[in-house]
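Please read these notes with the model open beside them. They cover strand pairing first, then backbone angles.

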Amino acid sequence: MQKEIITPAVASKALKIFQREVDNDGDPRSCMLQALKETLGSLIKYKGYHCPVCAACQTEMHPERNGVGVVDYADYGPVNLWEADLWECPKCHIQIVVGFGDYPISSHIEDDFDKIMELYGRESIIIGNH
Ligand SMILES: [Zn+2]
């Protein structure tokens, strides 16, 4: 899975490197973000990784955020924490989570499970899988 996906955090970092709040045309970060997404989104596609497609809108979805946490729940509570990527349809804004690794990054039987869940909640977002 291609992991070099542009997120708002990456776009902000790119602008920080150039020490500015706007890009060369004076456009704000949101325009810079869109330009980066369009440019690098094409590169990702042609590296052999096809973007998800929204069936309802018949259009390619865009990477919204990478490194989100997904928690599988059993009847007794959270079981496994996975890292994955959040994609969104630019037309209907439906969101999907894809790009899971081969293994969960933590499990409820590990001592630091709660700490890692808390870290994902603080630094990213956690999506429940009930
Ligand atoms: Zn759609």
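**Notes on strands and loops**

1. Pro63 stands opposite Trp87 in β4. Strand β3 (residues 62–74) and strand β4 (residues 77–88) run antiparallel and are joined by 11 bridges. They form a hairpin with 2 residues between them. Strands are DSSP runs of E of at least two residues, numbered from the N terminus, and two strands pair if DSSP finds at least two bridges between them.

2. This is a predicted model, in which local features need pLDDT of at least 70, side-chain atom pairs count only at pLDDT 80 or more, and totals for chains, interfaces and linings use all residues. Residues are numbered from 1 along each chain as its sequence is written.

3. β4 also pairs with strand β5 (residues 95–98), antiparallel, over 4 bridges. Here Glu88 stands opposite Gln95 in β5. With strand β6 (residues 106–107), β4 pairs in the antiparallel sense over 2 bridges, and Leu81 stands opposite Ser106 in β6.

4. The hairpin of β4 and β5 has 6 residues between the strands. His93 lies in this loop, and its phi is near 65 degrees, a positive value in a residue other than glycine. Most residues other than glycine have a negative phi. His93 is exposed, with 10 other C-beta atoms within 10 Å. (A residue is exposed if 12 or fewer other C-beta atoms lie within 10 Å of its own, buried if 20 or more, and partly exposed in between; C-beta atoms are placed from the backbone.)

5. Gln58 has a positive phi near 50 degrees. Gln58 is in the loop between β1 (53–54) and β2 (59–60), and is exposed, with 8 other C-beta atoms within 10 Å.
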